[in-house]
Amino acid sequence: MHKRLGRGPVAHEVLGFLFAAYLRFIRRANRFVQEPADLEDFLTREAPVIVAMWHGQHLMVTYARPKSIVRAAALISLNRDAGVQAVALRHLGVAPVRGSGGRPGRFRQKGGGPALLRLKRELEDGATVAMTADVPKRPRIAGLGIVTLAKLSGRPIAPVAVVTSRRFDFASWDRASLGKPFGRGAIVVGDVIRVPPDADEAVLEAARCAVQEGLDEVHRRAYALVGGSDPGAGLRPA
């Protein structure tokens with residue numbers, strides 16, 4: 001995933017197809033538990049939702065999608081190396097929306113504004129959407145993008161963690177993880193976070209902190225269920 005094995009469109013198509021096939025294999029080759037126990041009913045009641053993920057812990061999040069959620073979209077970086085993930089999502093039935101957040105001054109440059117509006121339209125059309133809450137190179141610090149989307153769309157945010165006991169842990173800035181076969185897995189969805197349409201800066205900041213805490217909690221719980229520890233737990237500055 002993190003090695004530049006091929007950067008052209010043909011390479012992306014081939015690698016994306018293979019990556020999607022690998023993700024399907026990992027889903028079948030691990031014994032998963034889920035929380036809450038009525039996960040499908042829970043997500044269906046709230047749908048369409050904004051699925052919140054941490055960078056690096058997002059590669060298997062499609063496992064949390066119940067069959068009742070027919071339409072789904074996900075925000076994928078404009079970075080060329082993310083092209084493989086975009087192709088894989090298409091093969092998994094998820095529409096990729098290209099663009100990403102960033103620090104002030106780079107949001108527009110990285111396509112964040114148009115991508116946010118596209119995600120809002122997807123939600124209005126009934127699709128559940130997924131996006132990482134933290135921005136690149138600032139791991140485990142939730143940004144304002146996801147809570148702004150919740151404010152604009154009126155849809156709730158659901159913190160999600162999907163982990164496996166056997167996995168590859170990469171030495172990347174986000175300590176990315178990818179499952180291996182023949183182990184145990186956990187899918188954990190936390191309490192939803194709602195942002196009112198008239199939210200001011202203080203309310204948005206409170207919601208941002210709630211997303212951050214919610215993601216920390218679902219990852220603690222998910223890794224505990226598989227008898228492991230979160231490789232990215234110490235990334236946020238004290």
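In which hand of crossing does α1 pass α3? The crossing is right-handed. Before I go on, keep in mind that this is a predicted model.

Let me stay with that pair. Helix α1 covers residues 9–28, and α3 covers 83–91. The two pack at an angle of about 55°, and their axes are 7 Å apart. That angle makes α1 oblique to α3. From α1, the contact takes in H12, E13, L15, G16, F17, F19, A20 and R24. From α3, the residues in the contact are G83, V84, V87, A88, R90 and H91. Sorted by class, the contact of α1 with α3 has 7 nonpolar, 4 polar and 3 charged residues.

Next is α5, residues 145–153. Which of its residues are buried? They are I146, V147, L149, A150 and S153. Looking down the axis of α5, these buried residues fall within an arc of 155°, so they line one face of the helix. As for what covers them, the list includes the helices α4 (112–124) and α6 (201–225). The strands β2 (50–53), β5 (128–132) and β6 (157–164) are also among the covering elements. After α5 comes G154, and its phi is positive, near 75°.

Two of those covering helices deserve a slide each. With α4, the packing angle is about 45° and the axes of α4 and α5 are 10 Å apart. This makes α4 oblique to α5. The crossing in which α4 passes α5 is right-handed. On the α4 side, the contact is made by L116, L119, K120 and L123. On the α5 side, G145, T148, L149, L152 and S153 take part. The residues of this contact of α4 with α5 divide into 5 nonpolar, 3 polar and 1 charged. L149 and S153 belong to this contact, and both are also among the buried residues of α5.

With α6, the angle to α5 is about 120° and the axes are 9 Å apart. Here too α5 passes α6 in a right-handed crossing. Which residues of α5 meet α6? I146, V147, T148 and K151 do, and in α6 they meet L204, A207, R208 and V211. The contact of α5 with α6 divides into 5 nonpolar, 1 polar and 2 charged residues.

Now the loops. V94 sits in the loop between α3 and β4, the strand at 95–98. Is V94 buried or exposed? It counts as buried, because its relative accessibility is 7%. Setting aside neighbours within four places in sequence, V94 is in contact with T62, R65, A72, A73, A74 and L89. Of these, A72, A73 and A74 fall in β3, which spans 72–76. For a distance across the model, take V94 and P237: they are 143 residues apart along the chain, and their C-alpha atoms are separated by 33 Å.

The other loop position is L59, between β2 and β3. L59 is buried, with a relative accessible area of 7%. Its C-alpha atom is separated by 22 Å from that of K120, a residue 61 places away along the chain.

Methods. Residues are numbered from 1 along each chain as its sequence is written. This is a predicted model: local features need pLDDT of at least 70, side-chain atom pairs count only at pLDDT 80 or more; totals for chains, interfaces and linings use all residues. Side-chain values use heavy atoms; hydrogens and water are left out. Buried means under 20% relative accessible area, exposed over 50%, partly exposed in between (1.4 Å probe, protein chains only). Helices (H or I, at least four residues) and strands (E, at least two) are DSSP runs, numbered from the N terminus. The arc is that of the directions from the helix axis to the C-beta atoms. Contact means heavy atoms within 4.5 Å. Axes are lines fitted to C-alpha atoms, for helices over the stretch in contact, and angles run from 0 to 180 degrees between N-to-C directions. Angles under 35 degrees count as roughly parallel, over 145 as roughly antiparallel, 65 to 115 as roughly perpendicular and the rest as oblique. A crossing is left-handed if the near helix is turned anticlockwise from the far one by less than a right angle, and right-handed if clockwise. Ala, Val, Leu, Ile, Met, Phe, Trp, Tyr, Cys and Pro count as nonpolar, Asp, Glu, Lys and Arg as charged, and the others, Gly among them, as polar.
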